Amino acid sequence: MKLGITVIGSGSKGNSIFIHNASSGILIDAGFSRKEILARLAKLNINPNMISAILITHDHGDHVRGARVLADQLDIPTFVNESTYKHLKFKNLIGKKVEIFDPGTAFNIEEFKIKPFSVPHDAMEPVGFAIFANRNGEDIKIGIATDLGHVNNLVQARLQECDILILECNHDKKMLRDSERKLGLKQRIAGRFGHLNNEASIEAIEKLLHKKTKHLILYHLSSDCNSPELVANLANAKLAEMNRNDINLQIAKQDQPLNTIWI
Ligand SMILES: [Zn+2]
Ligand SMILES: [Zn+2]
């Protein structure tokens with residue numbers, strides 16, 4: 001059975017990825033309204049009943065906006081760690097069915113094995129995920145790290161040997177400096193617990209790409225302190241330098257989904 005990765009959308013106004021086979025799968029974050037997620041799924045010809053669970057990376061609005069309403073409508077569980085759960089419960093942002101995971105412990109959802117890991121970001125208990133699915137006896141690994149101030153040793157270790165790497169490429173440092181944003185916000189974004197800038201992301205790619213990596217999705221681009229063209233140029237230059245013309249590079253978009261990548 002094939003494995004599909006569908007980026008429903010990404011950026012500071014909402015993030016969501018669907019990882020699935022032909023009949024079911026898991027939604028990583030639900031950062032758009034339920035209505036918007038359903039509209040985008042319809043555009044992709046994906047039946048929302050295929051979603052068997054929602055996994056939450058962290059409690060920020062651009063990752064959880066539609067989580068409660070969508071989970072309750074579909075009557076599916078939301079997988080979340082304890083601190084994030086308490087925060088979302090308090091804010092009435094999480095559905096009725098909840099499964100708590102420990103960031104250091106792997107668990108299964110249907111055919112998918114999930115290994116969460118902590119990431120440095122200014123949320124309650126933010127995590128990234130390594131997700132494994134077996135295809136013809138071989139483990140396919142999808143690494144997801146979004147919203148992270150820097151790539152520490154743990155993140156680097158957990159994102160080794162990915163077949164598909166989904167990594168934040170948030171902002172251009174100069175565009176952030178020159179932007180109209182308030183100084184405190186600029187410092188937050190650029191800080192060690194903020195968001196990964198282009199330079200750091202491209203540097204991380206060099207360390208993380210493995211010979212088995214075939215797909216690279218750059219994710220969570222800032223709408224006013226970055227541009228898809230800039231990110232594509234930087235990433236393509238790095239891939240060329242590394243002699244990696246075998247890699248399918250995709251830049252996630254805020255306003256529309258990407259076509260499903262099938263493996
Ligand atoms: Zn965040
Ligand atoms: Zn975010």
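Analyst: A nonpolar core is a set of buried (20 or more other C-beta atoms within 10 Å of a residue's own, C-beta atoms being placed from the backbone) Ala, Val, Leu, Ile, Met, Phe, Trp, Tyr and Cys residues joined through C-beta atoms within 7 Å. This is a predicted model, in which local features need pLDDT of at least 70 and side-chain atom pairs count only at pLDDT 80 or more, while totals for chains, interfaces and linings use all residues. Residues are numbered from 1 along each chain as its sequence is written, and chains are lettered from A and ligands numbered from 1 in the order in which they are written.

User: Which residues touch the most other members of the largest nonpolar core?

Analyst: Among the 68 residues of that core, these are Ile19, Ile54, Leu55, Ala67, Ile166, Leu167 and Leu218. Strand β9 (residues 127–135) gives the core the most, with 5 residues.

User: What makes β7 and β13 edge strands?

Analyst: Strands, which are DSSP runs of E with at least two residues, pair if DSSP finds at least two bridges between them. The open sheet of 7 strands has the order β7-β8-β9-β10-β11-β12-β13, with mixed pairing, and β7 (107–109) and β13 (248–251) each pair on one side only.

User: How do you know that β12 and β13 pair?

Analyst: Strand β12 (residues 215–219) and β13 share 4 bridges in the parallel sense, and they therefore meet the requirement of at least two. Ile217 has Gln250 in β13 as its bridge partner. Helix α9 (residues 228–241) packs on the sheet, touching both β12 and β13.

Notes:
Two residues are in contact if their C-beta atoms, placed from the backbone, lie within 7 Å. Axes are lines fitted to C-alpha atoms, for helices over the stretch in contact, and angles run from 0 to 180 degrees between N-to-C directions. A residue is buried if 20 or more other C-beta atoms lie within 10 Å of its own, exposed if 12 or fewer, and partly exposed in between; C-beta atoms are placed from the backbone.
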